[in-house]
Amino acid sequence: MKKILVGCLLLVSFGLFAQSYTLPTAARTIPFNNGWLFIKDSTARAEQPGHNDAHWRRVDLPHDWSIEDLPNQRPGQVFGPFDRSSIGAHNTGFTVGGTGWYRKRFRTGPAQQNKRITIHFDGVHMNSDVWLNGHHLGFHPYGYTPFHYDLTPYLRPAGQDNVLAVRVRNWGKNSRWYSGSGIYRHVWLTATDPVHVAPGGVFVTTPEVSEQQATVQVQAQITNQQTTTSTITLTTTLVAPDGKTVGRSQRSLTLDANASATDTQRLTLTNPVLWSVDSPRLDSPGLDGPGLYKAITEVRSGSRVLDRVETPFGVRSIRFSSTEGFLLNGKRLLLKGGCIHHDNGPLGAVAIDRAEERKIEILKKNGFNAIRSSHNPPSQALLDACDRLGMLVINEAFDMWQVPKNPQDYHLYFKEWWQKDLEALILRDRNHPSVILWSIGNEIPERVDSTGLRITRQLIDLAHRLDPTRPTTEAICGFWEPMNKGRQWRDTAPAFALLDVGGYNYMWQHYESDHQQHPDRIMLGTESFAKEALENWNKVEKHPYVIGDFVWTAMDYLGEASIGHTVLSNQKDSPILGWPWFNGWCGDIDLIGHKKPQSYYRDVVWRQSPIALAVHQPIPEGLTEVVSKWGWPEELPSWTWPGAEGKPLQVRVFSRAPRVRLTLNGKPIGEQAIADTSITALFEVPYQPGVLKAVNVVDGKETESVVLTTVGAPKQLRLTADRPTIRASRNDLSYVTVEVVDEQGQVVPGAEVPVQFALSGAGELAAVGNANPTDVSSFQKPQKNTFRGRALAIIRPVEKPGTITLKATAPGLAPATLTVTTK
């Protein structure tokens, strides 16, 4: 009887904690992610405070229900989050949307007395409605822009429960890729005095920058929500990356009742630390790195501080020129770019800080210095990571305007909402030093007709008004749409003429001829095929008017499934292969963060590696391989092909050396000259286990080399955490790679084994995954097959220090155990 009572008490206590949250004292910004209640259901009247939510489940934000296992799993039809009959089909990776509800109870305290309480959402996908205590606060259709509501008029007295309700409707065919569903980005509250800094009201620019001196201009919009005039002192303080105060300015302002005023202050820095792609800090989120300053905006009335806002910024200059290229801090920089979608693989769309940071870390490690947030605004967390780590960003607003790409997509709302959404994007992101370009659209069907040109002007005008320091671009492709039948590439000229930088999707062949016609046009490869990396990069290196190249894509992503496929000549081929493909499979980096073959090729193209080696998997005699536009041959950096003994294998050597030499087990296979136009030498090598070695030959002498060694049979599992110690925060994660290795600890590339996970301690298993683009199975159950010898487990800590132990087992292999510490 005693045990039953204790259990009941624990349940009651947990329920109260989950449903009632008292706002902390003396905080302007209050995290609001934890302790929500959720149900995926189109239930009625859930916005009412008295609605019975006792059966709803507790979730912490960010949250994406589309990545969760579906009910009613059925062999051949429903596996994990995948449904073969999904309305989004291959576009959304056979995942499912629907309607979801979130509710959260909270109380204000004495510290919030006479404060304005505002709720901020960084992203909700999509068609969200928000209520407080039954009062409808607003509707927001676009799934990728931030928005906020003033809660103050509808709050109950301090100490009484308030009920916040959010309905999210991800209906119909509305996306060309995996969007996720729900409140998938951060939520927070602000508690401010009636006189305060407006949301997005601080704008920091650096109009004059040199290594000796920089001018910092800080524009601040102050809002007075009182019914009387207010006189305040506005102080701006600049803090250097090392924490020292390096500038201060103040002045007195008089604010009319229920009005706002904007003030601009200019300060000078001596010997500034310049923000660049080469001076990142690789520590955890929240820490400023080299090149990141803070502007502290303080509003006072007499001696009383009414508001205080800290704005990180970077001291840097950007310039674009058809004769000099892109210049960062006065030095030409070639943009080594990649397009990314917003999902985080096995986690779905959830924008946990560490997930966003790890994505940028991986891309930096693999040579990228720029990303394009295709085809929507990224999360605040991702841009914060780009600022810290030194990654440039093309910040893209829209994938469509008024002409639809899907029946229920954003075109339904564009006319009414484009201005609000573009403004929300720019006001949030204009202080990020990483952002260098605003992209107003991608492959817009109406891009060259009269309506499209009018919209282009409107978008550019608003972008320039809100931020005159950054240029605009748009990703323009050839005319493949039925509505543009008969148009020629030259018809794009009026659209390009309106842009500051012209974005070219898959059109590198037109760079030189367009330059002849339009010598002042600045060109940027906004999308390109991995197979054409060399052709694109040659243009970037040769011509200053071509400032960079962005591959589609830098990383694999959910949805747009199978566009990067290969098939054999006896198999049916089409642009889309359908079920069970759920992954685009066109990334340089796979879904769990490892290099794919095209990434090794790109290393040589970008002159980051002197030589690389790839071996094609055996092709049955009489057949050939068909590679899609976005695809890559089925080759690996591996010399382990059991069963292929004696059969000729195709070996490619990538190098910028004039000649390469190939040996197997110390015996010469051959030597070839390599032309600059290909950087590829092709050999046929009868397979036998051992050591395959490729060597650069320069002036008759061997220089750099690369070696592939045959590995042994699978013997054991190995676990490796990206970081052995993490923060005891729901915004941190530990990514644990699972590898099948032989006796010598070498990864067995052909090993596909089922791995079972068991986790204990101060955390939870947030997701599991592998790189297989056709493995339609759960991301949340504690089991996953390895693919090419690897899988991934993602650990999310609870908010208390301790240890987390993960054990992995597989049939016939020695198990592995790993411990992660949370602090």
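Strand β9 runs antiparallel to strand β12 (residues 162-170), and five bridges join the two. Strands here are DSSP E runs of at least two residues, and helices are H or I runs of at least four, numbered from the N terminus. Two strands count as paired if DSSP finds at least two bridges between them. S128 has V168 of β12 as its bridge partner. This is a predicted model: local features need pLDDT of at least 70, side-chain atom pairs count only at pLDDT 80 or more, and totals for chains, interfaces and linings use all residues. Residues are numbered from 1 along each chain as its sequence is written, and side-chain values use heavy atoms, with hydrogens and water left out.

β9 also pairs with strand β10 (residues 135-140), again in the antiparallel sense, over five bridges. V130 is the bridge partner of G138 in β10. The two strands form a hairpin with two residues between them. In its turn, N133 has a positive phi of about 50°.

How many residues of β9 (residues 128-132) are buried? Five of the five are, so the strand is largely enclosed by the rest of the structure. Buried means under 20% relative accessible area, exposed over 50%, and partly exposed in between, with a 1.4 Å probe and protein chains only. In a regular strand the side chains alternate between the two faces of the sheet. In β9, S128, V130 and L132 point one way, while D129 and W131 point the other way.

Next comes an open sheet of three strands. Its order is β14-β15-β18, with antiparallel pairing. β14 and β18 (259-270) are the edge strands, each pairing on one side only. The twist averages 15° from one strand to the next. Axes are lines fitted to C-alpha atoms, for helices over the stretch in contact, and angles run from 0 to 180 degrees between N-to-C directions. Strand β15 (residues 213-224) is joined to β18 by twelve bridges. One of the bridge pairs is N224 with A259 of β18.

Among the buried residues of α5 are L459, I460, L462 and A463. At the helix start, a side-chain oxygen of D449 reaches to within 3.2 Å of the backbone nitrogen of T451.

Why does the length of α5 agree with expectation? At 1.5 Å a residue, its 17 residues (450-466) should span 24 Å, and the end C-alpha atoms are 25 Å apart. The expected span is 1.5 Å times one less than the number of residues.

Notes: Polar contact = N/O pair within 3.5 Å; in protein donor to acceptor, adjacent residues only side chain to side chain.
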